[in-house]
Amino acid sequence: GAEPPIEAHNLAHTTFKRHWWCNASTPFVSGSGAQRTRGILAWKLHVRAHSRRPAQRPPSATRRRPWWGDACLRPLRPLVSGNRRRGGVARGCCCFSVRFLPRRNSPPPPRRSGRWAMLASVRGRGGPVLSRVAPLPRAPRGGELLLRVEAAGVNPVDYKLPRLVAGRITGMDVSGVVEAVGDESNSGGFEVGDAVWGHTFGGAHAHRAVVRCDVVARKPPWLSHAQAAALPVAYITGLQGLRDAGGLRRGGSVLVIGASGGTGVAAVQLATAMGAAEVVAVCSGKNADLVRSYGATRVVDYTKEDVGEVCEAGHFDVIYDAATGSGAGEKYTARVLPLLRPKTGQYVQINGSAWRWIRGLTGTMPKQQHLILTKANRADLEALLALMAPPAGGAEQGTPAIVPLVEEVLLDEHGVKDVFARLKGRHTRGKLVFIMR
Ligand SMILES: NC(=O)c1ccc[n+]([C@@H]2O[C@H](COP(=O)([O-])OP(=O)(O)OC[C@H]3O[C@@H](n4cnc5c(N)ncnc54)[C@H](OP(=O)(O)O)[C@@H]3O)[C@@H](O)[C@H]2O)c1
């Protein structure tokens with residue numbers, strides 16, 4: 001049958017959002033090639049007419065939030081030539097990707113402050129910025145959960161990774177409440193309303209995020225959302241670095257370089273909790289008391305002393321280097337290798353030069369040296385919880401044995417700008433965590 005004409009107001013509320021949501025019955029999904037082209041033209045013209053945001057709000061019938069089950073029509077490569085403003089002939093081609101989101105039993109995310117889109121920190125040209133019109137995440141599939149994000153940790157990787165690799169929305173550490181389950185038979189035992197924390201592969205710095213069930217764990221009541229959101233990258237890297245790569249044992253000696261930052265404080269706390277007899281911390285003098293309060297037995301102020309000279313050669317079982325290659329010219333490898341215990345000592349780096357990364361990822365690092373990447377998995381999230389649990393033993397409430405050092409920042413324009421400027425400055429203390437309100 002004849003398809004209804006394309007009406008500009010149908011597009012009005014979607015043009016400024018990049019994603020184009022419409023019902024499966026609209027001509028853009030089922031229309032002929034000509035109408036698809038008209039659709040793109042109408043879209044392009046409309047964008048021009050309104051310069052990003054429509055001047056007039058569309059009629060209320062068309063003004064609604066995308067609903068799970070709607071089709072998501074995403075124009076790819078709209079190539080149109082001709083001067084449309086002056087009524088010239090338009091020629092060109094275009095292609096669409098049309099994806100039908102499966103309709104779920106679970107309700108759509110509740111409306112927050114009446115927006116169709118959500119707040120999120122997105123990768124822009126000059127670094128991450130706040131977007132008020134970031135599209136909602138897609139509906140969760142089997143083995144996935146949709147979370148209402150309560151808190152999300154920030155890591156240097158969030159500004160280092162390009163959009164092509166890590167997606168538009170930043171953030172890999174998340175803590176929140178399950179709002180929808182992709183497939184109840186494959187939900188990892190999680191249900192709507194459960195508080196969970198863990199890893200995402202991008203997209204945590206937003207009000208909603210989709211996560212994989214196998215890389216999140218249930219949040220215990222003795223951990224706040226902000227504390228839980230500080231853990232995944234920094235503490236799981238520390239756990240895997242000290243336990244697996246470093247082979248740390250009770251009574252061992254550990255040197256932590258960059259000890260006052262997110263991963264540094266984590267390593268100092270974990271080494272102490274794992275029974276290290278000596279934890280030497282390398283940081284600036286102003287943070288000496290702070291790292292001592294988290295378990296360091298000795299502090300080397302890198303602004304005044306050379307760690308390679310003031311520490312005894314062949315002394316350490318594990319050297320955990322959270323500073324080398326971090327962007328401000330930090331280079332410790334050659335200076336600290338002589339401090340390793342001969343034959344058994346392990347040097348664990350978590351960043352380094354491109355060449356070291358190639359060797360680390362291809363398993364060709366020299367003996368006793370490692371460059372590790374966090375491996376997201378639920379077993380380690382639970383192992384970390386076991387280390388952190390309040391000393392009372394299985395207590396529902398109480399103070400955790402390891403309390404992460406967290407600074408909460410509201411996810412707004414100022415917060416996003418401030419957090420990433422401070423991270424790039426390389427002198428933050430502990431973890432910065434976005435809080436959603
Ligand atoms: N491989 C992985 O899976 C993985 C995981 C997490 C992080 N990382 C990487 O590890 C690095 C550290 O991450 P982070 O989250 O700990 O960063 P961060 O929190 O931004 O680290 C800041 C800390 O670095 C210290 N620092 C700066 N310059 C230093 C120097 N010359 N010597 C010693 N310490 C110095 C600062 O100490 P003062 O203020 O006391 O000077 C500050 O406390 C980053 O490069 C990150 O990309 C890798």
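Me: Before we start, what do "buried" and "exposed" stand for here?

Reply: Buried means under 20% relative accessible area and exposed means over 50%, with partly exposed in between. Do keep in mind that this is a predicted model.

Me: Thanks! Why is Ala379 called exposed?

Reply: Its relative accessible area is 55%. The cut-off for exposed is over 50%, so Ala379 counts as exposed. Ala379 sits in helix H13, which covers residues 378–388.

Me: What makes the pair Ser121 and Thr170 a polar contact?

Reply: Here the distance is set against a limit: the N or O atoms must lie within 3.5 Å, one able to donate a hydrogen and the other to accept it. The side chains of Ser121 and Thr170 make their contact at 2.7 Å, so the pair qualifies.

Me: Let's turn to the ligand. Which residues come nearest to it?

Reply: Of the 29 residues around the ligand, the nearest are Thr263, Ser284, Tyr302, Tyr332 and Asn351. Sorted by type, the shell holds 12 nonpolar, 13 polar and 4 charged residues. Helices H7 (232–245) and H8 (262–273) each supply at least two of the shell residues. Domain 2 (118–231 + 380–384 + 408–435) and domain 3 (238–371) each give at least three.

Me: Which ligand atoms have polar protein atoms at 2.8 Å?

Reply: An oxygen atom of the ligand lies 2.8 Å from a polar side-chain atom of Ser326, and a ligand nitrogen atom is 2.8 Å from a polar backbone atom of Ile350. There is also His427, with a polar side-chain atom 2.9 Å from a ligand oxygen. The ligand taken alone exposes 930 Å², and the protein buries 93% of that.

Me: Last topic, the largest nonpolar core. Which residues have the most contacts inside it?

Reply: They are Tyr235, Leu242 and Leu384, in a core of 44 residues. Among the elements that give two or more residues to this core are H7, H8, H13 and strand S11 (253–257).

Me: How do you know where this core lies relative to domain 2 and domain 3?

Reply: Both domains give residues to the core, so it lies between them.

Definitions and conventions. Residues numbered from 1 in each chain as written. Predicted model: local features only at pLDDT ≥ 70, side-chain atom pairs only at ≥ 80, totals over all residues. Heavy atoms only, no water. Near = heavy atom within 4 Å. Areas by Shrake-Rupley, 256 points an atom, 1.4 Å probe, with all protein chains shown as cover. Helix = DSSP H or I, 4+ residues; strand = E, 2+ residues; numbered from the N terminus. Nonpolar A, V, L, I, M, F, W, Y, C, P; charged D, E, K, R; others polar. Domains from an automatic or database assignment. Buried < 20%, exposed > 50% of the residue type's maximum accessible area, 1.4 Å probe, protein only. Core = buried A, V, L, I, M, F, W, Y, C linked by side-chain atoms within 4.5 Å.
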